[in-house]
Amino acid sequence: MNSITIILESLPNIAFGLFTTLGLVLAALTVGFLVGLPLGVAQVYGGSLVSWCVGVYVWFLRGLPNLVLLFLFSFGIFPLLGLDLPAFFVGATVLGLRSAAYQSQTFRGALLSVDPGQMQAARSLGMTRITAIRSIILPQALRIALPAWSNEYPILLTDSSVCYAIGVMEMLTRASFQVSRTSAPTPIYLATAAIFIMLNYLGMRGLHYIEKRCSIPGFGYR
Amino acid sequence: MMDTVLRVSDLRKSFGSEEVLKGVSFEVRRCDVKVFIGPSGTGKSTLLRCLNRLVEPDSGQVWLGGDEITHESDIDFVRRRMGMVFQNFYLFDHLTALRNVEIALLKVLKMTKAEARELAMFELGRVGMERFADKYPAELSGGQAQRVSIARALAMSPEVMLFDEPTSALDPELTGEVLDVMRSLASGGMTMLIVSHEMEFANSVAGEILFMEGGVIAERGTPGDIFSDDGGSYPRAQAFLSRIMKQA
Amino acid sequence: MNDALAYILSDMRGPLSEGLIASGSLIISSVPFGLLLGFCLAVGCVYGGPLVSRLCRTFVVLVKGTPLLILLFILYFCLPTFGMTLSPFGASVLGFIMCNGAYTSEYIRGAILSVRSGQMLAARSLGMSRLQGVLYVVLPQAARRSLPGCSNEIIYLIKYSSLAYMLSFIELTGAGKMLASRSYRFTLVFSVVGIIYLCVVSVASFLFALLERKLEIPGFESKRK
C-alpha cells in the first residue's frame, strides 16, 4: 500500500522533529514557570504598582497572537538587539514568555484561594512574610494550581506547531518537507496529527498521575 | 368510588440488591391528610416518588382517581394532577419567584400569559409570598423558597399534594411559616400525603399516621391513638417516637 | 521618529486596513457556526444515546488533540485528494469552526452537567416532558454558566485567525508580513499589527464582560452542584 510505505519512509525524519517539539514544550513550560511563578507572587503580594506592571505584561502577552509575537521577535526585536539566534531559541523564548503570562494568572488564582487564615497563623508564630509565603502558602498554592497548570501542556503542544512559521525544525516543518518531497499530503499530515494526539494523551495521563501522587487527603475541597 | 383519590396496591421497589419497598398498600380519600413517619432509609421518600413515577416501581399498582397510572405511557400528563414539594425545594434558580410559579402554567397547561400571571400571583398570595414575586431563589430564605415551591405545585390545581420532608432542610425558626401554610391547605380540604419528622405538626393536622419500618407500613392509626401514652397496640411506633423524643 | 510616523499614517494604512477587514471576515464567518457546532456537540454528548454521544466525544477529542495549524493544513492540502478543494479562506473558516466548536462544546457540556439534578426533577414533577425540562430549565442556566468559557474561546479565535496566513490567505498578520518585507521595518510594522490585535481583543473582552454583567442573576453563580 502506497500510503503505508510513504508514512514509514517519512516517519524517521518526522520523529526527529518529535525531540524538537518536546524540547520546545519543555523549555516553554520551564521558562513559563520560572518567570510566571514570581510574577504571580509579585502580583498578589507586591503592592499596587508592581501588580499593575505585571498586569500590563500579562495583558500584552495574552492579547497578541502567537504568530505575531513570533514574527515580531524573530524578524524585529532580536535583529534590532543585534542577536542572531537560532529559530529554536526564538520559539522557546516567545512561547516561554507567553506561557509565563498565563501561568502567572494561574498561580495568582491559586495563591488567592489559599485561606487567609493560613497567613495569619504563620505570622502569629513569628514567621516573616517571605518565610510564610515560601513554607506555608506556596506549597498549598502549587497543589491547588496543578490541575489548571496542566492545561498549559496541550496548549504549548499546539503552539509549538506554529513555530513552523519561523522555520523551527519541529514536527510540522519536517512533515511539510516530506510532503513537498513525496507530494502525498494526506498520509503524512494525518500521521503527524495522530502523533500529536498521542503526545497529548500521554502527556495528560502523565500529569494526572503526578497530580494523584502529590495530592493530600481532604485537601483542595473548598 | 369517586371519593378515593389515590389507591396504592402492593408497591415494591429495589435499588440494586437492596429492597426498599416491600409491598406497600393504602388508600387515600378526598380531603385526607396522611403523614408518614419512621426511621430514615425506610423508603418513605421513595414511596412518594413512586406515586408520581419519578422513581419507577418494580411491581404493584397505583390508581389516581379511577385511572391506573403505573402503566400509563403519558406520565407527564398524569404528573400535572399531583403536586410535589421537595425537601430541597428545587426552585428554578434562573427564574424569579413569579416566573417559577408561572412557567409550568405556560408550558404544560398552555395558559395565556395573562391567565398564568393572574393565577401565579394568586397562588403566591395564598402562601404569603406575593411581595417577593420578583425575587430570585438565591435572595429568599429557606422558608420563603419552600413556600414558593408550594405555590408552584398548587398552581397546577393538583388532585393530591405530596410533601417529601418539606421542613427537614430548614433552620428551626423557618419551619413555622411552612407548616402554617400546610395547615391552612389541610383545613381548606386539600388531599395531602406528607413525609415528615415534625411530630407536633403531624399530631395537629393528620387524619391518619402511617408508621413505616423495614419497607412496609408497620402500624397505622389516628394521631390520638399513636401519640397517646397507652399505645400497647402500636409498640414499634411507640419505640420509634420515644427514641425521637429523647433526642429532642 | 517623524519618518516612522509618516510611514505609519501613509503607507501602512491601506494594506493593514484591508488585512483587518479580511481578519474580520474570517472571524464573523467562523464564530456563529463554531458556537452552533459547539452547542450541538455538547447536547449530543449529554443527551444523545450511546452511539451519538460517543461520536461527539470522539470528534471533540480528536479535534482538541490536533494543533489548529495541522488541522488547517489537513483541510487545505489533503481534501483535494478526495475531490474537495477549498480556498484558503474556506479551509481556514472550516478549520476555525471545527476547533472553536470542539473547545466550546466542552464548556457548554460542563455547564449543562453543573445544573443540579434537582432542577430537572422539579420540572418533571410539574408535568413537563424531558424536552421541556431541558429547554426551559437546564439550557437557560447552562447558557449563563458557559458564557465566560465561550467568550474566552471567541477571543482565542480572534488571535488564532492569524494562522490563516499560513494558508496564504492575507489577513492582518499576512498584510503586516508583506509590508514589513517590502520596507524592512519589521519591528515597527509588527508592533503596530500587535497593537491592533491588542485593541480588538481588549474591546471584545470588555464587551463580553458587559454582557456577562447584564445577564447576571443574583446568587446564580454560587449555586453549584
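# Helix packing and chain contacts in a predicted model

Helix α1 (residues 2-45) and helix α8 (residues 171-182), both of chain A, have axes that come within 7 Å and cross at roughly 155 degrees. Angles over 145 degrees count as roughly antiparallel, so α1(A) and α8(A) are roughly antiparallel to each other. The model is predicted.

**Helix pair α1(A) and α8(A)**

- The crossing of α1(A) past α8(A) is right-handed.
- On the α1(A) side, the contact uses Ile6(A), Ser10(A), Asn13(A), Ile14(A), Phe16(A), Gly17(A), Leu18(A) and Thr21(A).
- On the α8(A) side, their partners are Met171(A), Thr173(A), Arg174(A), Ala175(A), Gln178(A) and Thr182(A).
- By class, this contact of α1(A) with α8(A) holds six nonpolar, seven polar and one charged residues.

**Helix pair α3(A) and α8(C)**

- The contact of α3(A) with α8(C) divides into 10 nonpolar, four polar and no charged residues.

**Chain C against chain A**

- In this interface, 31 residues of chain C are in contact with 29 residues of chain A.
- Five helices of chain C each supply at least two residues to the side that touches chain A: α2 (50-65), α3 (68-78), α6, α7 (172-183) and α8 (186-214).
- The largest share of that side, 10 residues, comes from α8(C).
- By class, the side of chain C that touches chain A has 20 nonpolar, nine polar and two charged residues.

**Chain C against chain B**

- This contact takes 21 residues from chain C and 21 residues from chain B.
- On the side of chain C that touches chain B, the elements giving two or more residues are α5 (117-125) and α6 (130-160) of chain C.
- That side of chain C is made up of 10 nonpolar, eight polar and three charged residues.

**Chain A**

- Chain A contains nine helices and zero strands.
- Its order along the sequence is α-α-α-α-α-α-α-α-α.
- The C-alpha trace of chain A spans about 70 × 45 × 20 Å along its principal axes.
- Of its 222 residues, 41% count as buried.
- Among contacts in chain A between residues at least 6 apart in sequence, 80% join residues at least 24 apart.

**Chain B**

- Chain B has nine helices and 10 strands.
- Its radius of gyration is 18 Å, which agrees with the value near 18 Å for a compact globule of 248 residues.
- Along the principal axes, the C-alpha atoms of chain B fill a box of roughly 55 × 45 × 35 Å.
- Buried residues make up 47% of the 248 residues in chain B.
- For contacts in chain B with a separation of 6 or more, residues 24 or more positions apart account for 65%.

Key: Residues numbered from 1 in each chain as written. Chains lettered and ligands numbered in written order. Predicted model: local features only at pLDDT ≥ 70, side-chain atom pairs only at ≥ 80, totals over all residues. Axes fitted to C-alpha atoms, helices over the stretch in contact; angles between N-to-C directions. Helix = DSSP H or I, 4+ residues; strand = E, 2+ residues; numbered from the N terminus. Parallel < 35°, antiparallel > 145°, perpendicular 65-115°, else oblique. Left-handed = near helix turned anticlockwise from the far one by under 90°. Contact = placed C-beta atoms within 7 Å. Nonpolar A, V, L, I, M, F, W, Y, C, P; charged D, E, K, R; others polar. Rg over C-alpha atoms; globule rule 2.2 N^0.38 Å. Buried ≥ 20, exposed ≤ 12 C-beta atoms within 10 Å, placed from the backbone.
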